Amino acid sequence: MDRSNSDSSLGEGASACGRSTPDGEDELECYIPERRPSLDLGNPTPMDTSHWHYVERAHSPVPSYTSMESDGIQKPDKEDEEAESSTKVQLERADSYSSSYSLDSDDCERRTKKDKKAQPKAASELPERPELIKDPDEKRHPALTVDFTFKAIRKTLEKMDEHQLWHFKDTLWRRYPESFSSPPRTMDMVDLVDRLLECYDLEVALQLTKALLKDRGLTKLVTYIEDLILKNEVRYELKQALKTKYNSAYEGLANQGEQKVFDSIFTELYITDGGNYGPNIEHEARTIERLDTKRKAEKRITWKDILTQEVIEKDYIKSVVSNGVAGSGKSMAVQKFILEWAEGRSHEHVYFLFPLPFRELNKFKGAKLGLLEIVHTIFPETVRLKSLECDEGKVMFICDGLEEYYRNLDCHRIGSFHDSSDSRDSHVVVANLIKGNMVSNSILWVTSRPRCSTYLPAESVHQLMDIRGFTDEQKEHYFRSRFPDPALADRVMAHLTSCKTIYIMCHLPTFCWVVCSQFQRTIREQGPQAELPKGITQMYTQLLLVLLRVRDTKVASKSEEAFNATDFLLRLGKMALAMLEKGKTTISKELWKESGLKKSDTVTSSGLCTEFMIEQFIMYQERVQTFIHPTFQEYMAALYAFVSFKNLGKNVLEPALRNKLTRMFKEPNLIELYRCAVERTLQCQDGTMDVFLRFLLGMALESNQELLQHFLTNKHRSSSVVRETSALLRKKIKENHHPDRNANLQLCLEELGTDAVSRSNSVSEQSRSTEH
């Protein structure tokens, strides 16, 4: 009689005592687990046996399965016959439950069955057990943590089907029974991996897992877990490299001055979603009409909101372009994002982050290589990666400063390809990276000056943002962080808010740095109680020099035509003055043509101007260009007037014929230019020329002419000009023919740096004149 049939016919059948095992394994047999401790019920009351009665001895017990013959006929054992004198019955049925109980999670009694295979085979019957050795001298990679090891083993095991997982657990139990008090077949994944990490070191747990996978022939899973380990190590090393590179920064100009800890100099930026908000038009003396950009309702965001997991999943956004004028803080926002990711403080859904600034991509111009090779070159920590594809999270690329590369891009004409390891011309690789073709699970962030972003294909720009510098609250945070002494910080803020033009222009972080540097120098040289400078000309001149120096570092090609800065500034200043005299802030096509300037030089490279889209008519948009701020337009107009007079002896504020006759009969004198400028300003009732005059007069100071010396061919300076101009201004204030212009004339005196007594006397004289 077949044994299986015999077992099914007696006691409980296979379906009753447990599930069948794969591959024709033997039926489950029961065992008696260790009894749980009895409940302590205190001192029990003695049992009352007075009502007990004699019961006739029971018949012989049910025969054991071990005494069964193969034909199924029952034969009594001698030992059973000898046991008839006893009232105890011992059952050895293979399918019987033990008389011991355990409590499950619902506090319900549960009978515990034991697999026949729960008892491991003899060592001679098992396959050779791989030796699990941890080299005591081998240093553990910092990336190998408990959290990673748990996830790596669990993710690998979850890729098995039910049949493979059953065999994995079975082999684990047979080879390493000392790790389990009972077979792990019923353990869920979390408990199983937990148990492995409790019993073994992290390295050994991974060795053990790979060894068992190899024995089952699951080589793909072995490769998978090894790939997880490799990527985890590369990710750790990449983060360390990024922290080292981005943890500090130069404030202001790159590679100038002292590097500081980044978090100590970073101030949150004013970022809005939607883009195309137009220039900042806040002005001290003029009312300027805002450009009709037909922008969406303003929605403020922070760098933390850029390409979050929620945004990616909800809005299907894979690429973001952030626009901002020169000096608005784009690169600072990028550095903050990178550092936060590298330190594990944000965007954990991004597995790999590769900053690829366009300035560094320029170095590959003319070379044939693939994206993978570019990444390996910029980040040597990644050379072990054979592919940029990644299932563990998003692969993010950040390309900062499109204005340094846009001339090499023609995304509409460049063909598409998708292999990140395939070698092509570098500009083809970059174009396909922007198109999103190179890495299937990638996301992209590009920063740019406004005009350059129009070179990107519309289908590759899923979200537009404006980085707009600082709000008033952020300006205050910036300056208070630079002046830790609260009393000094209060004085600095009071001084700033009293200098309205400077305070408005501080919406640009770069300008904040210029002003802060000037204040710190004054305090360092003259002491904490020193009078802080109020002159605006020197601040704007320093900003101009900073932007021109940045322009020089952003020139993409050494073969570009030599840049004549003086000629460039004179052309741009002439255009600024023409616009100012007409009360215009946008640069018309005619002015571009007359100036002979290229938009690319003026708007993109120099950063002195910017570009926006306006709605001229229904369904018609037009690109317009403006200066980065109206006051910067006024500064450029004043610079043109001053340099033209110094270099050419030409008074651009006089009619051409009169100017020519004047130069024929007498030597040009700067005071003549200033008299003409004062008269022109007093005739403008709307204050159009007020700030222009302050800039023009401020350029008479020797300190400002030293800053402008590279643009001046005539180095002669007249010490009497400042004195004569101050006298002229006081005279105009005293005459009081233009009472509404006196306040600006007083600011002009401050610009010239006249002493406090003179200013006080001027104010007194003005008050008396007004009363009369």
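**Pocket, sheet and helices**

Modeller: Gly 252, Ala 254, Ser 331, Arg 359 and Asp 400 lie nearest the centre of the largest pocket, which has 49 lining residues. This is a predicted model, with local features requiring pLDDT of at least 70 and side-chain atom pairs pLDDT 80 or more, while totals for chains, interfaces and linings take in all residues. Numbering starts from 1 along each chain as its sequence is written, and side-chain values rest on heavy atoms, without hydrogens or water.

Colleague: What makes a residue part of the lining?

Modeller: An atom within 4 Å of a pocket point (a pocket being an open set on a 1 Å grid over the protein atoms alone, with protein on both sides within 12 Å along at least five of seven lines). For the largest pocket, 49 residues meet that test. Its space comes to about 1400 Å³, the volume being what probe spheres set on the points fill.

Colleague: Which elements supply at least two residues of that lining?

Modeller: Helix H8 (219-246), strand E3 (248-250), helix H11 (330-342), helix H12 (358-361), helix H15 (472-482), helix H18 (509-526) and helix H19 (537-554). Helices here are DSSP runs of H or I with at least four residues, strands are runs of E with at least two, and numbering goes from the N terminus.

Colleague: How many of the lining residues are nonpolar, polar and charged?

Modeller: The lining has 23 nonpolar, 14 polar and 12 charged residues. Asp, Glu, Lys and Arg count as charged; Ala, Val, Leu, Ile, Met, Phe, Trp, Tyr, Cys and Pro as nonpolar; the others, Gly among them, as polar.

Colleague: Now helix H15, where Glu 476 sits. Why is Glu 476 called partly exposed?

Modeller: Its relative accessible area is 33%. Buried means under 20%, exposed over 50%, and partly exposed falls in between (1.4 Å probe, protein chains only). Glu 476 is therefore partly exposed. Its C-alpha atom is separated by 7.0 Å from that of Met 493, 17 residues apart along the chain.

Colleague: What makes strand E7 (residues 319-323) largely enclosed?

Modeller: Five of its five residues are buried, so the rest of the structure largely encloses E7. Ser 319, Val 321 and Asn 323 are buried on one side, and Val 320 and Ser 322 on the other. In a regular strand, side chains alternate between the two faces of the sheet.

Colleague: How do you know which strands E7 pairs with?

Modeller: Two strands pair if DSSP finds at least two bridges between them. Five bridges link E7 with strand E12 (residues 442-448), in parallel, and four link E7 with strand E13 (residues 463-467), also parallel. Asn 323 has Ser 448 of E12 as its bridge partner. On the E13 side, Val 320 stands opposite Gln 463 and Val 321 opposite Leu 464.

Colleague: What is the strand order in the open sheet?

Modeller: Seven strands run E6-E5-E13-E7-E12-E10-E8, with mixed pairing. Strand E6 (299-301) and strand E8 (350-355) are its edges, as each pairs on one side only.

Colleague: What covers E8, and which strand is its partner?

Modeller: E8 is mostly covered, with six of its six residues buried. Its partner is strand E10 (residues 394-399), joined in parallel by five bridges. Phe 354 and Phe 397 are one of the bridge pairs.

Colleague: How do you know what span to expect of helix H28 (residues 720-735)?

Modeller: The expected span is 1.5 Å times one less than the number of residues. H28 has 16 residues and reaches 23 Å from its first C-alpha to its last, close to the 22 Å expected. Its buried residues include Val 722, Leu 729 and Ile 733.

Colleague: Just after H28 comes Asn 736. Why does Asn 736 count as buried?

Modeller: Its relative accessibility is 16%, so it falls under the cut-off and counts as buried. Asn 736 lies in the loop between H28 and helix H29 (742-751). Its phi is positive, about 60°, although it is not a glycine.

Colleague: Finally, what makes H29 largely enclosed?

Modeller: Seven of its 10 residues are buried, so the rest of the structure largely encloses H29. Among them are Leu 745, Cys 748 and Leu 749. Just after H29, Gly 753 takes a positive phi of about 80°.

Definitions and conventions. 1 Å grid on protein atoms, 1.4 Å probe; cavity = no way out; pocket = protein on both sides within 12 Å on 5 of 7 lines; lining within 4 Å.
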